[in-house]
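These are my notebook entries on one structure. I set down what I looked up, topic by topic, with the criteria beside each term.

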Amino acid sequence: CQIPELPKKFGLWIPNVEQLFLDHNRLRELPDSLIFAEQLRDMGLTTNQLHAFPTCLCQLSGLQTLGLHNNMIPSVPVYIGRQTTLVSLYLSGNPIDRVPLTIGLLSSLVCLTVDKDTTDMQLPAWASHADTVTLRDYYSHLLHEKVLNFRLMLHANFLKVALAFRKFDTNKSGDLDRDEVVRALRYMGVEFENFDEMWTVIDKDGSGSIDYEEFLSMVRRRGTDTHNDFGGSEMILRKGLDE
């Protein structure tokens, strides 16, 4: 069949469904109600007409397999990194221009397919033919380095950071959301490429904000223990390639 769209309440009708395969249709988007399909484990959407990554699926805490082969998806959201139960992610056949470093947070991922020849994989030549686990761990390493540098910068400007936090907590809530943090950093003259990758790590609980004490605690840590939060180093990855 060639289904062009799903009913808006579709997710409400399938709260106990564990497998859903909608391959080879004409779906351009998915209804937000799929967040209520809480038992969904395996989802197939190969060969449709999806123009964006279905963000509603990123809220399914038990999703293990996601097939998105052969669509029109240009990018992968950074918060894919919160899908820690994801084992297989199939993305080949999409015009994806970049894979986010938060792929490195997918601790259960063992199968990732993506068109490496057309994607900015941010990989050195020695890793271009690596398996999924090695790629995942290398992205984890890159993300670790990025967050580490961020924390070191904050630590070096501790007082300025504390003042900026207070200044840009405009609603005096005692916390900063993502946009307020970005404004505070710009006020300090700091710009970070793909900041949302770091924000996914900083905002560990996915609440959308970080409170003052959490923020200062992160700064004081200097990032020296972040290696334990992520996997691997380049030496380990090279060893994995040689095995």
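**Entry 1: secondary structure.** I counted six helices and seven strands in the protein chain. From the N terminus on, I read the order of elements as β-β-β-β-β-α-α-β-α-α-β-α-α. Helices (H or I, at least four residues) and strands (E, at least two) are DSSP runs, numbered from the N terminus. I note that this is a predicted model, in which local features need pLDDT of at least 70 and side-chain atom pairs count only at pLDDT 80 or more, while totals for chains, interfaces and linings use all residues. Residues are numbered from 1 along each chain as its sequence is written, and side-chain values use heavy atoms, with hydrogens and water left out.

**Entry 2: burial and core.** I looked up accessibility for the chain of 243 residues, of which 47% count as buried. Buried means under 20% relative accessible area, exposed over 50%, and partly exposed in between (1.4 Å probe, protein chains only). I then turned to the largest nonpolar core, which has 61 residues, with Met-43 and Leu-57 having the most contacts inside it. Helices H1 (132-156), H2 (158-168), H3 (178-187), H4 (195-202) and H5 each give two or more residues to this core. H1 supplies the largest share, six residues. A nonpolar core is here a set of buried Ala, Val, Leu, Ile, Met, Phe, Trp, Tyr and Cys residues joined through side-chain atoms within 4.5 Å. In soluble globular proteins, nonpolar side chains tend to be buried together.

**Entry 3: salt bridges.** My search of the whole structure found five salt bridges. The criterion is a side-chain nitrogen of Lys or Arg within 4 Å of a carboxyl oxygen of Asp or Glu. I recorded a bridge between Glu-197 and Lys-146, at 3.0 Å from N to O. Because Glu-197 lies in helix H4 and Lys-146 in helix H1, this pair ties together parts that are 51 residues apart in sequence. Glu-197 and Lys-146 are both buried. I also noted a network of salt bridges that links Arg-98, Lys-146 and Glu-197. Arg-136 and Asp-137 meet in another bridge, at 3.2 Å from N to O, and both residues are buried. Arg-178 and Asp-179 form a bridge whose closest N and O atoms are 3.0 Å apart. Here Asp-179 is partly exposed, with a relative accessible area of 40%, and Arg-178 is also partly exposed, at 28%.

**Entry 4: surface patches.** Which residues form a nonpolar patch on the surface? I found Leu-12, Trp-13 and Phe-36, with about 350 Å² of accessible area together. Phe-36 sits in the loop between strand S1 (19-21) and strand S2 (42-44) and is partly exposed at 41% relative accessible area. I listed a negative surface patch as well, formed by Asp-205, Asp-211, Glu-213 and Glu-214. Of these, Glu-213 belongs to helix H5 (residues 212-220) and counts as exposed because its relative accessibility is 51%. Patches are made of residues with over 30% relative accessible area and no salt bridge, like charges being joined within 9 Å and nonpolar side chains (Val, Leu, Ile, Met, Phe, Trp, Tyr) within 5 Å. Lys and Arg count as positive and Asp and Glu as negative, without His and the chain ends. The place of a charge is NZ of Lys, CZ of Arg, CG of Asp or CD of Glu. Accessible areas come from the Shrake-Rupley method with a 1.4 Å probe, and for residues only the protein chains shown count as cover.

**Entry 5: buried loop residues.** I looked up Leu-27 in the loop between S1 and S2. Leu-27 counts as buried because its relative accessibility is 0%. From C-alpha to C-alpha, Leu-27 and Gln-2 are 8.4 Å apart in space, and in sequence they are 25 residues apart. Leu-45, in the loop between S2 and strand S3 (65-67), is likewise buried at 0% relative accessible area.

**Entry 6: backbone angles.** Most residues other than glycine have a negative phi. I found a positive phi near 55° for Asn-70, which lies in the loop between S3 and strand S4 (88-90). Asn-70 is partly exposed, with a relative accessible area of 41%. Asn-194 also has a positive phi, of about 50°. Asn-194 is placed in the loop between H3 and H4 and counts as partly exposed at 31% relative accessibility.
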